[in-house]
Structures are given as C-alpha cells and as structure tokens.
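The sequence and structure come next.

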Amino acid sequence: MTHWIRFEHDGRIHFGQLKDSTILVCEGDMFTAPMQTDETVTLDEVRVLTPTVPSKMPALWNNYQALADEKGLEYPETPLYLFKATSSFLATGEVIMHPTSVTEDVFYEGELGIVIGQTVKGASLDEAEQAIFGYTCINDVTAFSLLKEYAGFDQWTRSKGFDTFGVFGPVVATGLDYRELEIVTRVDGEEKQHYPASDMMMSPMETISRLSENMTLCPGDVICCGTSVGLGPMPRGCTVEVEIEGIGCLRNEYR
C-alpha cells in the first residue's frame with residue numbers, strides 16, 4: 001500500500017509518498033513512473049493540497065443498496081451521476097464555507113472516491129480495473145434545499161457545486177481492495193455514518209466501464225461513489241471527518 005500526497009512547501013507544489021508523518025518527495029508524474037528523490041519533509045512543514053487535480057469529478061447518486069431500500073428507490077441499471085464543479089475542490093484542513101445565498105442547512109455525505117490513473121474510453125471491465133490508481137475519501141457537500149426549488153428541474157449541479165463543496169483527500173491510497181473498506185463520517189466526534197463499500201450496487205470497475213462509454217476519463221479524475229444511510233445536516237462551526245481505514249481521515253471545519 002502506498003499513500004500519495006500533494007502539498008505546498010516553500011511556495012512550490014510537490015507530490016510524494018506519505019509514510020507516517022514523513023513525506024518522501026518525488027518528481028515526474030504521479031501516475032507514470034514517479035521517481036523518488038533524496039528529499040524528505042514532515043507534515044507539519046507543508047500545506048496539504050487535494051491529492052490530485054481532477055479534470056472532472058462525476059458523483060454517483062443512488063449507488064448503495066441500504067440507502068435505496070431506506071428511501072424506497074429502484075436499483076438503477078446504469079450509473080446515475082452529476083458533476084461537482086472543479087472550482088468546488090477543497091483539501092483536508094481547509095474550511096467548508098456556507099454559501100451566502102443559502103438560508104437552510106447544508107449536508108455532509110461521506111463517500112469513497114475512485115482515482116483514475118490512466119486515460120480510458122470505452123473500457124472493458126479488465127481495462128477499467130487497470131485504470132484504477134487508488135482510492136480517497138470524499139465529503140460530497142450538498143445544499144439540498146435548492147434541489148427542488150424549481151419544480152420543473154432538479155438542480156443537482158447547483159446544490160452540489162458551490163465553492164468548497166467538493167472535499168477530498170487527504171491522500172490517494174493504492175493497493176486496496178474496495179470490498180474491505182468501510183466509510184465512517186463523524187460530526188464533532190459523533191459517528192453519523194458507518195457503512196461498507198461492498199454494499200455498492202455497481203463496483204468501481206463497472207462504474208468506470210459504464211462512465212467511459214459516455215466520456216473520456218483522465219489521470220487524476222475522481223469518481224464519487226455515492227453515499228449510504230446517515231447523511232445529514234452540518235451545524236455551523238462543526239468539524240466533519242470522513243475516515244476510511246487504509247486511506248486516512250479527511251477533516252474540515254464548516255462555517
């Protein structure tokens with residue numbers, strides 16, 4: 001297992017391998033033969049960034065059986081998805097901001113994120129599996145009060161696309177089996193979500209294969225796998241954590 005991290009140090013952006021609290025600085029391209037240098041830095045010396053810079057972030061809806069059963073939803077035959085705005089991306093440790101135009105609650109959604117490691121289009125299941133670079137933690141922040149504001153059109157992009165609403169990190173972890181992962185979300189230390197990734201209706205490989213029928217997926221792109229039961233509102237001033245053992249803890253304050 002390797003934990004890949006992006007960070008800023010002395011005004012420059014780098015990436016490397018995180019081992020405990022030490023970063024082994026690398027050069028080149030994270031996805032194609034990265035080369036380790038002799039330089040190391042510690043976490044307290046750097047500003048952690050989002051682990052990749054996605055060209056797009058598809059976000060799945062209704063992808064967990066437990067939530068579908070709770071809401072009385074049908075199981076979809078193809079991925080149902082929207083896009084998080086690229087301007088919404090936020091790293092661990094940064095602040096999720098309540099939009100000035102939203103008067104009601106904003107919700108957390110703890111999720112698993114798939115990180116793409118190679119360009120894929122029209123991928124088979126085997127090709128899709130090869131395209132998975134690793135996994136990360138997601139907080140798919142949503143202003144649900146806006147979703148049904150206009151009766152003729154569900155505003156998914158608006159409700160999920162505000163600045164600071166596309167939270168992911170702290171690292172990309174490689175060498176994991178998604179079926180062994182569990183997603184835990186806490187608000188001010190209180191556990192709100194705890195569910196297995198194995199409850200997904202469509203595996204990461206199926207999702208990549210089906211999405212790649214419609215679009216080219218590029219290295220660094222992140223697919224939000226959707227959430228399960230327990231999503232809820234974030235009180236202003238709280239700290240939200242999305243933790244997945246083997247990946248790490250995504251931690252942000254909400255104001």
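## Backbone geometry

Ala33 lies in strand S4, residues 32–42, where strands (E, at least two residues) and helices (H or I, at least four) are DSSP runs numbered from the N terminus. Although Ala33 is not a glycine, its phi is positive, about 50°. Ala33 counts as exposed because its relative accessibility is 64%; exposed means over 50% relative accessible area, buried under 20%, and partly exposed in between, with a 1.4 Å probe and protein chains only. This is a predicted model, in which local features need pLDDT of at least 70 and side-chain atom pairs count only at pLDDT 80 or more, while totals for chains, interfaces and linings use all residues. Residues are numbered from 1 along each chain as its sequence is written, and side-chain values use heavy atoms, with hydrogens and water left out.

Asp20 also has a positive phi, near 60°, and is a residue other than glycine. Asp20 sits in the loop between strand S2 (12–19) and strand S3 (22–29). With a relative accessible area of 77%, Asp20 is exposed. Gly169 and Pro170 are joined by a cis peptide bond, with omega about 0°. Pro170 belongs to strand S13, residues 166–174. Most residues other than glycine have a negative phi, and most peptide bonds are trans.

## Nonpolar cores

The largest nonpolar core has 56 residues, of which Leu112, Ile208, Met234 and Ile247 touch the most other members. A nonpolar core is a set of buried Ala, Val, Leu, Ile, Met, Phe, Trp, Tyr and Cys residues joined through side-chain atoms within 4.5 Å. Apart from this core lies another, of 15 residues, among them Cys26, Phe89, Phe133 and Phe168.

Leaving out residues up to four places away in sequence, Ile208 touches Ile114, Ile116, Val120, Ala128, Ile132, Leu217 and Ile223; contact means heavy atoms within 4.5 Å.

## Helix H4

Helix H4 (residues 204–211) is largely enclosed by the rest of the structure, because six of its eight residues are buried. Those buried residues are Pro204, Met205, Thr207, Ile208, Ser209 and Leu211.

## Cysteines

The count of disulfides is zero, a disulfide being a pair of cysteine sulfur atoms within 2.5 Å. Cys224 is in no disulfide, and the nearest cysteine sulfur, that of Cys225, is 7.8 Å away. For Cys225, the closest cysteine sulfur is in Cys224, and the 7.8 Å between them is too far for a bond.

Cys224 is buried, at 0% relative accessibility. Cys225 is also buried, at 1% relative accessibility.

## Salt bridges

The structure holds 16 salt bridges, each a side-chain nitrogen of Lys or Arg within 4 Å of a carboxyl oxygen of Asp or Glu. One of them pairs Arg179 with Asp177 at 3.0 Å, N to O. Arg179 is exposed, with 55% relative accessible area, whereas Asp177 is partly exposed, at 26%. Another pairs Lys71 with Glu70 at 4.0 Å, N to O; Lys71 is exposed, with a relative accessible area of 53%.

Glu190 and Lys192 meet in a salt bridge of 3.5 Å, N to O. Glu190 is partly exposed at 47% relative accessibility, and Lys192 is partly exposed at 35%. Salt bridges that share partners also join Lys84, Glu109, Asp140 and Lys160 into one network.

## Surface patch

Trp61, Leu73 and Leu80 form a nonpolar patch on the surface, and together they have about 220 Å² of accessible area. Patches are made of residues with over 30% relative accessible area and no salt bridge, with like charges joined within 9 Å and nonpolar side chains (Val, Leu, Ile, Met, Phe, Trp, Tyr) within 5 Å. Accessible areas come from the Shrake-Rupley method with a 1.4 Å probe, and for residues only the protein chains shown count as cover.

Leu80 is in strand S7, residues 80–84. Leu80 counts as partly exposed because its relative accessibility is 32%.
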